Amino acid sequence: MRPGFKAMIALFERSGIALSEQEARRFWQFHTHLRERNAELDLTRITHFDNMVLKHYVDCALVTEFVELPSPLLDIGSGAGFPGIPIKIRRPEIELILAEGRRKRVDFLQEVCDLLGLSGVTILHATIKPDFDLPVQGVITRAVETIGRTLARVEAFLPQGGEVIFMKGPHCDEELAEALRRLGGTYELKRDTAYVIPQTPHRRRLIVFKRREEARPRARRPLTAAAAPHGAEAAPPLEAAAISSAANPFFKDLQKMTRARGIKKLGTALFWGAKNIAEVLADFPAQAAGILYCEGEHRPEMPLPSGLPAYVLARELFRQIDLFDTRYPVLIVRLPSMDSWSAAEAQPGCTLLVPFQDPANVGAVIRTAAAFAVDRVVLLQEASHPFHPKAVRAAGSTLFRAPLLEGPSIETLRPDRLPLIALSPTGRDIGPFRFPERFCLIPGLEGPGLTEVLAKAETLSIPMAPGVESLNAALAAGIALYLWRRGLDSGRPAVPRIQEFTANPGRRSERFQKD
């Protein structure tokens with residue numbers, strides 16, 4: 001791998017593009033997967049290594065050097081991901097929509113986005129038509145059809161000031177002149193740049209059109225505050241896409257965001273509840289990717305980030321997305337990036353290892369970890385996705401506050417390699433235990449508990465009344481974290497009040513009954 005990897009970086013540098021370490025890694029992963037899948041899917045006829053790098057990756061990446069790209073950006077006829085994927089690698093902040101009509105290539109695009117860990121990407125199995133109803137600020141296309149046909153195709157939904165970017169070969173004067181003759185009243189030619197891929201004979205042309213007039217509002221309409229309570233000040237209209245069909249591709253994506261697999265694939269999730277949404281918008285506005293409203297319902301005032309996409313869902317569709325019957329707008333959020341946790345050495349402080357398969361437990365323990373300022377929260381492979389709806393409901397905005405990391409399987413953890421402290425009903429009393437300066441706390445899986453190997457680690461238990469087999473795993477972790485933090489803050493071992501009840505189980509049981 002390394003010689004080809006270095007050769008790819010050298011070709012980028014020769015073309016005047018300095019890749020970051022993450023960009024280089026992602027381009028190499030993209031290239032490797034494209035080569036592996038090409039024979040089966042016929043993704044590209046260009047197979048020579050230098051030509052693949054220069055004509056595919058470098059050429060598309062050069063667009064980010066020439067123009068400031070609008071967002072959200074629609075890539076029409078993305079095929080194997082050109083130009084959208086290289087653009088996303090170079091400009092990860094851009095909201096990207098990849099539209100492709102061939103099912104196998106749609107699946108390939110999803111594979112690539114999963115492999116590269118790209119978020120903020122929507123993949124549509126669709127041929128773009130005038131009734132396209134997702135809000136965009138720009139369109140980009142690479143040798144799909146003539147300039148005039150594409151301009152006519154997007155005329156109905158491209159907003160005023162929106163741009164259409166064409167990656168063309170050098171000989172496109174005739175179709176450019178025809179487009180200006182037919183559509184010059186609707187679009188203005190903003191840029192026409194002829195260039196050569198540096199140190200190659202490959203001549204290219206970058207053409208940018210800008211929308212002159214307001215697009216016809218076929219699938220978009222303003223939200224109004226017509227249903228505002230008497231005496232309330234009406235909020236200003238907000239341009240939003242209206243979605244009324246369950247077959248709408250974007251609505252199908254919203255449905256996917258209610259399941260862990262869809263959340264992981266799309267890189268976006270949903271947030272419910274006025275308090276949770278207010279906290280995200282106030283403290284993490286960059287994570288907001290869109291806002292959903294119910295048709296006919298009042299839009300409550302909230303400080304929305306500039307340019308945040310808005311969508312009005314038909315009442316019956318909104319109910320399918322409003323899983324907890326909040327009857328309040330639903331926020332779409334981008335997933336935060338999560339680094340991989342290294343188990344090679346013990347890191348200072350408390351590392352909480354989370355194996356829970358119940359998403360409500362995952363959310364609850366993340367919220368608790370944030371409250372006690374845990375140094376890092378490692379989600380093991382067995383754990384439910386932290387942005388599963390039930391986890392979101394339990395954790396709220398702490399999902400963006402807690403230091404989340406991706407970890408290995410619980411089966412790979414070894415007490416002889418890490419300072420592991422496990423929670424188990426058979427362990428010794430946690431009360432007098434003094435936590436070390438660096439340790440990994442691991443509750444067991446719900447039900448099975450600890451693995452056979454982890455049972456050999458230092459195990460602690462929380463005293464309970466007779467007849468109670470065990471505590472909820474997330475609750476047990478929360479008690480342990482409280483005792484750790486209490487001992488840390490006081491500079492001495494924690495001696496919890498719960499020990500007062502150990503000698504008199506009957507009294508403790510009576511206390512529980514009163515509560």
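Predicted model: local features only at pLDDT ≥ 70, side-chain atom pairs only at ≥ 80, totals over all residues.

Author: Gladly! H2 covers residues 21–41, and its 21 residues reach 29 Å from the first C-alpha to the last.

Reader: What makes 29 Å close to the expected reach of H2?

Author: At 1.5 Å a residue, multiplied by one less than the number of residues, the expected value for H2 is 30 Å, and 29 Å is close to that. H2 also has a kink of about 30 degrees, centred on Arg35. Just after the helix, Asp42 takes a positive phi of about 55 degrees.

Reader: Why is Glu163 called buried?

Author: Buried means under 20% relative accessible area. Glu163 has 9% relative accessibility, so Glu163 counts as buried. Glu163 sits in strand E5, residues 163–168, and among the residues it touches are Glu68, Lys190 and Phe209.

Reader: Which strands are the edge strands of the sheet, and what makes them so?

Author: The open sheet has seven strands in the order E3-E2-E1-E4-E5-E7-E6, with mixed pairing. Strands E3 (121–125) and E6 (187–196) are the edges, as each pairs on one side only. From one strand to the next, the twist averages 15 degrees.

Reader: How do you know that E6 and E7 pair?

Author: Two strands pair if there are at least two bridges between them. E6 and E7 have nine, in the antiparallel sense, so by that cut-off they pair. One example is Asp192, whose bridge partner in E7 is Ile207.

Notes:
Residues numbered from 1 in each chain as written. Heavy atoms only, no water. Helix = DSSP H or I, 4+ residues; strand = E, 2+ residues; numbered from the N terminus. Bend = angle between axes of the 7 residues up to and from the residue. Buried < 20%, exposed > 50% of the residue type's maximum accessible area, 1.4 Å probe, protein only. Contact = heavy atoms within 4.5 Å. Axes fitted to C-alpha atoms, helices over the stretch in contact; angles between N-to-C directions. Lists of a residue's contacts leave out its neighbours within four places in sequence.
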